[in-house]
Amino acid sequence: MIRKFKTLEPKKQFNVLLLSYFAIPVLQSIVAIVGSFTDSLPYELQKFLNTKADWIAYGFMLCTLLVIIALLRIKEYSSNKKYMIGLTLLIVSSAISLIDDVVAIPYAIRLPLNILKVIIPFVGLILFMIGSPANRQVKLMAICSPIIKSIAASPLMFLLMSADIEDYQIYNIAFTGGIFAIQLAILVIMLILISKQSSEQ
């Protein structure tokens, strides 16, 4: 499969990798939904999801890093400084998140670090997409995706809190299901836009 991927023209490689970048959060959301059904799952699966939650998250982070590295390796676009700087910032963002998870961060720098964790990936995504070969619609959708997630997740949390759900499992299922729906919607829109872009070329 890797050989087949390498035979694709650079633009198609880029499209596949870009969709993969947006597909990883969808898969992560599916795992989160499965983990929400704690009372319905076999004990061994419950134990695995609970004890290996961090490692599962690191696994998805590694998948994202591999996709970013693969995007960096497309030689035809490596001469674009914005493209390269943007992807490098996305890698730096992942490294900061990993350090934050593994190392005990002093309280004094907690707030600046959290701000950096928001700003760096967003700036990286903007630069990466501006320098990418994608058309205007795909670029705009990709750049707006973090904002869309935030805007959509906020009312979801408000509605669930207003509903005053006492059962934590039901709340967890509803929240993870909502996040999955948001991530999936973004992926589907990206797929439609990229397919439309490919058909026009």
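Figure 1. What covers the buried residues of helix 4 includes helix 2, helix 5 and helix 6. The model is predicted: local features need pLDDT of at least 70, side-chain atom pairs count only at pLDDT 80 or more, and totals for chains, interfaces and linings use all residues. Residues are numbered from 1 along each chain as its sequence is written, and side-chain values use heavy atoms, with hydrogens and water left out. Helices (H or I, at least four residues) are DSSP runs numbered from the N terminus. The buried residues of helix 4 are Phe60, Met61, Thr64, Val67, Ile68, Leu71 and Leu72; buried means under 20% relative accessible area, exposed over 50%, and partly exposed in between (1.4 Å probe, protein chains only). Seen down the helix axis, these buried residues fall within an arc of 150°, so they line one face of helix 4. The arc is that of the directions from the helix axis to the C-beta atoms. Trp55 and Leu66 are exposed residues on the face turned away from the buried side.

**Figure 2. The length of helix 4.** At 1.5 Å a residue, the 20 residues of helix 4 should span 28 Å, and the end C-alpha atoms are 29 Å apart, which agrees. The expected span is 1.5 Å times one less than the number of residues.

**Figure 3. The largest nonpolar core.** A nonpolar core is a set of buried Ala, Val, Leu, Ile, Met, Phe, Trp, Tyr and Cys residues joined through side-chain atoms within 4.5 Å. The largest such core has 32 residues, of which Phe14, Leu18, Leu71, Phe128, Met129 and Met190 touch the most other members. Two or more residues come from each of helix 2, helix 4 (53-72), helix 5, helix 6 (110-130), helix 7 (136-162) and helix 8 (168-200). Helix 2 gives the most to this core, with eight residues. Leaving aside neighbours within four places in sequence, Leu71 is in contact (heavy atoms within 4.5 Å) with Phe14, Leu17, Tyr83, Leu87 and Phe128.

**Figure 4. Aromatic rings.** The whole structure holds seven aromatic pairs. Rings of Phe, Tyr and Trp (its six-membered ring) pair if their centres lie within 6.5 Å; planes under 30 degrees apart count as stacked, over 60 as edge-to-face and the rest as tilted. Phe14 and Tyr83 form a tilted pair, 6.5 Å centre to centre with 45° between the planes. This pair links distant parts of the chain, with Phe14 in helix 2 and Tyr83 in helix 5 (residues 81-102), 69 residues apart. Phe14 counts as buried because its relative accessibility is 0%. Tyr83 is likewise buried, with a relative accessible area of 0%. Tyr83 also forms a tilted pair with Tyr77, 5.8 Å centre to centre with 55° between the planes. Phe14, Tyr77, Tyr83 and Phe128 form one aromatic cluster.

**Figure 5. Ser94 in helix 5.** Ser94 lies in helix 5 and, at 13% relative accessibility, counts as buried. Leaving aside neighbours within four places in sequence, Ser94 is in contact with Met61 and Leu65. Ser94 and Tyr58 are 36 residues apart in sequence and 10.0 Å apart in space, C-alpha to C-alpha.

**Figure 6. Confidence along the chain.** The protein chain averages a pLDDT (the predictor's confidence in each residue, from 0 to 100) of 86, and 92% of the residues score at least 70. Confidence is lowest in helix 3 (residues 43-51), at a mean of 71, and highest in helix 2 (residues 10-36), at 91.
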